[in-house]
Amino acid sequence: MKKFIVIGNPIDHSLSPKLHNYWFKVNNINAEYHTKLAQVSDLVNLINSLRKGEIEGANVTVPFKNEIINFLDELSPEAKVTRSVNTLLKDQGKIIGHNTDIAGFELAMRHTKYDLSQKNILILGAGGVVPSIVYALEKSKVSKITIMNRTFEKAKILGERFKNIEVKKWGSQLNFDMIINATSLGLSKNDKIDLRFEDLGDNKFFYDVIYNPIQTNFLKDAKRNFHKTENGKMMFIYQAHQAFTLWHKKMPDINDEVINLIK
Ligand code: ATR
């Protein structure tokens, strides 16, 4: 039986096993997928397990998407640009790092039918997934991307890598068509983002990368004020879909049953 894992810390909230194990079943693939809580010191063992074929493929999540690069033989072009890897596989003896978050975000945006062109986008956070979102947005002809992060220095580093983005201090005045929560605030039910969301104008789009819980306070408050909202569920499903396709050379279905699995 082929083995697949997702490593991260924390990892309990991950619904990747549920999704991949479901696709294994409906596609008659003899494999199992489970989570592994890891420390940085475990990364070398993970790569060795892939080399030896004990594990067939892996997903990498917070906080290892960048750190894992030190142990890899090759990166896909997208992983190279974003310095972020969420999918590992062995190809002709080499351990390759891919980034399927970019396609995950792009396809999720297409799913919302929101027209990104000429939009003013504000991203909250500067963690692992942000370079992928910036990269995807830059391809979508948005008019402006601004990043705001609690730790200014981290946003500034991103600003040096992506020359077209503007970096603002956490707590600066909010001005956007679409705001993306890419912080980890919201993973706990009572988390609240300490920014002022009043006087924004109408019809803004609030997007949260978090999909578990389904609705963060960030989205609840936006909905109460009649803004458009979307959680990270479809991004999660599409990034998994891309990873599955890389591993199994086969595209699994995304239908209502799959979408309803992720709750
Ligand atoms: P990492 O930072 O290790 O890549 P991440 O989950 O990808 O992990 O990113 C967490 C993001 O949530 C960061 O942008 C973090 O801000 P800092 O860079 O200042 O740590 C943000 N974050 C976490 N807790 C926060 C809080 N209480 N208020 C504001 N931002 C927070």
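Modeller: A helix here is a DSSP run of H or I with at least four residues, and helices are numbered from the N terminus. Keep in mind that this is a predicted model.

Begin with the end of the helix. Helix 5 is followed by K141. The phi of K141 is positive, near 60°.

Now look at the helix itself. Buried means under 20% relative accessible area. The residues in question are V130, P131, S132, I133, V134, A136 and L137.

What covers them? Among the covering elements are three helices: helix 3 (77–82), helix 4 (101–112) and helix 6 (152–161). Strand 7, strand 8 (144–149) and strand 10 are also included in that cover.

Follow strand 10 next. It spans residues 178–181, and both of its faces are covered. M178 and I180 are buried on one side, and I179 and N181 are buried on the other. Strand 10 also has strand partners. Strand 7 (residues 120–124) runs parallel to strand 10, and four bridges join the two. Within this pairing, L124 has N181 as its bridge partner. Strand 11 (residues 205–208) pairs with strand 10 too, again in the parallel sense and over four bridges. There, I180 stands opposite Y207. In general, strands of a sheet pair through backbone hydrogen bonds, either parallel or antiparallel.

Helix 7 meets these strands as well. Helix 7 covers residues 217–224, and its buried residues are N217, F218, L219 and A222. They pack against strand 7, strand 10, strand 11 and strand 12 (228–230). After helix 7 comes F226, whose phi is positive, near 65°.

Several residues named so far return in the nonpolar core. The largest such core has 55 residues. L137, M178, I180 and Y207 are among those with the most contacts inside this core, and F105 and I123 belong to that list too. Helix 8 gives the most to the core, with nine residues. The core draws at least three residues from each of domain 1 (2–98 + 236–261) and domain 2 (102–231). There is also a second, separate core of 19 residues, which includes I7, L43, I68 and I69. As a general point, nonpolar side chains in soluble globular proteins tend to be buried together.

Take M178 as one example. Setting aside its neighbours within four places in sequence, M178 is in contact with F105, M109, Y114, L116, N120, I121, L122, F205 and Y207.

Step back to the two domains. Their centres, taken over C-alpha atoms, are 25 Å apart. The contact takes 13 residues from domain 1 and 15 residues from domain 2. Between them the domains bury about 1,200 Å², with 69% of it on carbon and sulfur atoms. On the domain 1 side, H13, T82 and Y238 lose the most area to domain 2, together 42% of what that side buries. The count of salt bridges between domain 1 and domain 2 is zero.

Salt bridges do occur in the model, and the count comes to 11. K144 forms it with E166, and the closest N and O atoms are 3.1 Å apart.

Finally, return to helix 8 (233–248), the helix that gives the most to the core. P252 sits in the loop between helix 8 and helix 9 (256–261). P252 counts as buried because its relative accessible area is 4%. Beyond its neighbours within four places in sequence, P252 is in contact with W23, N27, H241, F244 and T245. P252 and N27 are 225 residues apart in sequence, yet 7.5 Å apart in space, C-alpha to C-alpha.

Definitions and conventions:
Residues numbered from 1 in each chain as written. Predicted model: local features only at pLDDT ≥ 70, side-chain atom pairs only at ≥ 80, totals over all residues. Heavy atoms only, no water. Buried < 20%, exposed > 50% of the residue type's maximum accessible area, 1.4 Å probe, protein only. Contact = heavy atoms within 4.5 Å. Core = buried A, V, L, I, M, F, W, Y, C linked by side-chain atoms within 4.5 Å. Domains from an automatic or database assignment. Pairing = 2+ DSSP bridges. Buried area = accessible area lost by both parts, 1.4 Å probe. Salt bridge = Lys/Arg side-chain N within 4 Å of Asp/Glu carboxyl O.
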